[in-house]
Amino acid sequence: MFKLIKLHSILYHLRASFWFLPALMAGGAVALSSTTMLIDRNWISGEGLPFWLIFNGDPESARTVLSVIAGSMMTVAGVVFSITIVVLSLASSQFGPRLIRNFMNVRANQIVLGTFVATFIYSLLVLHGTEPPAAVVFVPRLSVSVSVALSLVSLALLIFFIHSVSESIQAENIIARVRRDLEKSVERLFPEPFSAEDDPPAGPIHREYVIPTACDRVACQVKSEHSGYLQALDNEALMRIAQQEDLLIHLGYRPGDFIAKGSLLVTVWPGARVDDRLSRKINALFIVGAERTLEQDAEFAISQLVEIAVRALSPGINDPITAITCIDWLGASLCQLANRRMPASHRFGENHRLRVICKPFGFEGMVDAAFNMIRQNSQGVAAVSIRLLETIAMVAAQTAREEDRAALRRHAAMVAHGCKAALSAEGDLRDLEKRYRTAIESLGGDREAVALASGPDSWGNR
């Protein structure tokens with residue numbers, strides 16, 4: 001069990017790394033050079049060459065061509081690396097250090113750098129094999145031709161890389177890339193669509209009904225063996241342990257939370273069945289690292305969009321247009337979430353016995369993550385506050401659960417109250433009043449809530 005979740009986490013980090021794909025391509029270059037050199041030595045001679053072999057020079061010409069290609073590829077690879085570092089520095093200062101991984105994770109950039117490195121390694125290895133044997137003049141015609149072809153491909157990729165980098169530093173493209181990551185994360189973590197007919201009613205499960213009354217006295221606390229952010233958790237393996245050992249396990253954290261070494265990781269009933277072996281087994285199911293990831297943490301992508309918006313609203317940047325763009329994409333993501341079934345916090349095994357109690361996770365928490373920091377930093381910016389209220393109204397049109405609509409009403413009221421205190425222009429306040437009234441009516445607010453929007457002077461009386 002531990003090996004599966006650990007392997008999955010390693011594969012996730014390898015896919016997100018900047019070096020893994022170029023390293024694979026470099027290994028492919030070694031294999032390709034061995035293959036083409038083998039063909040040259042055994043099946044291709046200087047006479048009767050196929051028409052597609054373009055190199056027909058002598059050994060000295062071959063060494064010259066390979067030397068030029070190898071040297072130029074190494075130079076270009078250094079230029080590409082320098083450009084990448086500059087872009088990463090710019091992204092870190094402009095949009096936040098947590099977005100560096102999004103640039104490193106761009107597959108096209110990895111392929112470009114990998115092609116340059118692979119072409120250099122291939123040409124260098126073929127150059128090493130062009131020294132003629134003692135009695136026979138050997139020219140690796142196929143290998144040199146392949147090297148020339150790789151250099152032409154590298155030139156085309158260099159032009160593509162310059163175009164790609166110029167687009168990747170535009171705020172709209174960065175925001176759209178983060179939004180795509182968020183969309184994929186939601187599709188993976190919340191695959192079931194919401195249906196009002198078969199969705200269970202909201203509200204906590206009665207404790208007396210699902211948890212034996214003696215559990216509190218016989219529980220055992222399993223402490224964390226590491227510090228860091230919870231990146232992944234093997235829920236299926238945890239359920240199997242609970243069923244095999246006949247346990248009830250209460251989780252204290254969910255992916256994205258920070259865990260300190262020695263803090264309470266899970267509570268297990270009955271505690272008499274917990275020993276050092278079981279404690280280590282449970283700890284092994286929690287993958288903890290130095291940073292948050294999108295593996296099982298959908299809120300992390302929301303936090304990235306929020307970070308871009310908050311930085312755009314800072315006095316040093318003062319770019320409300322970028323903040324509004326982030327709000328638009330956050331609204332689209334919340335619409336997607338509103339149509340998904342949220343995972344149950346109480347999970348049952350065989351014979352409908354309660355086995356695992358997870359930390360509650362729902363739409364309200366995602367709304368808080370999306371709106372809180374932007375609202376707190378935009379109370380003096382009327383355009384951003386107006387867009388927040390418009391976005392709340394947009395999400396309301398696709399929200400069916402009453403607890404979700406209550407969370408949106410709460411945020412709409414907080415936006416209105418904050419703007420009442422921060423803005424003084426009557427025109428701005430009238431615009432905000434109009435948007436607030438629309439949002440509350442879209443959410444089916446009661447008469448008192450709608451009356452709250454009757455005028456700017458009444459906002460502070462709620």
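Student: What volume does the second largest cavity have?
Tutor: This is a predicted model, and its chain holds 2 cavities of 30 Å³ or more. The lining of the second largest cavity is formed by Ser224, His226, Leu265, Asn283, Phe286 and Val288. The volume of the second largest cavity is about 40 Å³.

Student: Which elements give two or more residues to the lining of the largest cavity?
Tutor: The largest cavity has a volume of about 60 Å³. Its lining consists of Phe18, Thr84, Val87, Leu88, Phe103, Met104, Asn109, Phe161, Val165 and Ser168. The elements that supply two or more of the lining residues are helix 3 (59-95), helix 4 (100-104) and helix 6.

Student: Is Ser151 buried or exposed?
Tutor: Ser151 has its place in helix 6 (residues 141-168). Beyond the residues up to four places away in sequence, Ser151 touches Ile69 and Thr119. Its relative accessible area is 15%, and the limit for a buried residue is under 20%, so Ser151 is buried.

Student: Which backbone oxygen lies 2.5 Å from a polar atom of the side chain of Ser151?
Tutor: A polar contact requires a pair of N or O atoms within 3.5 Å. The 2.5 Å separation from the side chain of Ser151 falls to the backbone oxygen of Val148.

Student: Where does Gln110 lie, and which residues does it touch, not counting those up to four places away in sequence?
Tutor: Gln110 lies in helix 5 (residues 107-128). At 1% relative accessibility, Gln110 counts as buried, because the limit for that class is under 20%. The residues it touches under this count are Arg15, Ser17, Phe18, Leu21, Pro22, Met25, Met104 and Asn105.

Student: How many residues apart in sequence are Leu182 and Gln304?
Tutor: Leu182 is in helix 7 (residues 171-189) and is buried, at 0% relative accessibility. Apart from neighbours within four places in sequence, Leu182 is in contact with Ala298, Ala301, Ile302, Leu305 and Ser333. The C-alpha atoms of Leu182 and Gln304 are 9.6 Å apart in space, while the separation in sequence is 122 residues.

Student: What is the phi of Asp246?
Tutor: Asp246 is in the loop between helix 10 (235-244) and strand 3 (248-251). Its relative accessibility of 28% makes Asp246 partly exposed. Although Asp246 is a residue other than glycine, its phi is positive, near 55°.

Student: Why does Asn318 count as exposed?
Tutor: Asn318 is found in the loop between helix 12 (298-313) and helix 13 (320-338), and it has a positive phi of about 55° although it is not a glycine. A residue counts as exposed over 50%. Asn318 is in that class because its relative accessibility is 58%.

Student: How far apart in space are Ser424 and Gly380, C-alpha to C-alpha?
Tutor: Ser424 lies in the loop between helix 16 (402-422) and helix 17 (426-442). Ser424 is exposed, at a relative accessible area of 70%. Ser424 and Gly380 are 44 residues apart in sequence, and their C-alpha distance is 9.4 Å.

Student: What share of the contacts with a separation of 6 or more comes from residues 24 or more positions apart?
Tutor: The chain has 18 helices and 8 strands. Of its 462 residues, 47% count as buried. Among the contacts with a separation of 6 or more, the share from residues 24 or more positions apart is 79%.

Definitions and conventions: Residues numbered from 1 in each chain as written. Predicted model: local features only at pLDDT ≥ 70, side-chain atom pairs only at ≥ 80, totals over all residues. Heavy atoms only, no water. Buried < 20%, exposed > 50% of the residue type's maximum accessible area, 1.4 Å probe, protein only. Polar contact = N/O pair within 3.5 Å; in protein donor to acceptor, adjacent residues only side chain to side chain. Contact = heavy atoms within 4.5 Å. 1 Å grid on protein atoms, 1.4 Å probe; cavity = no way out; pocket = protein on both sides within 12 Å on 5 of 7 lines; lining within 4 Å. Points joined across faces, edges and corners; volume = space filled by probe spheres on them.
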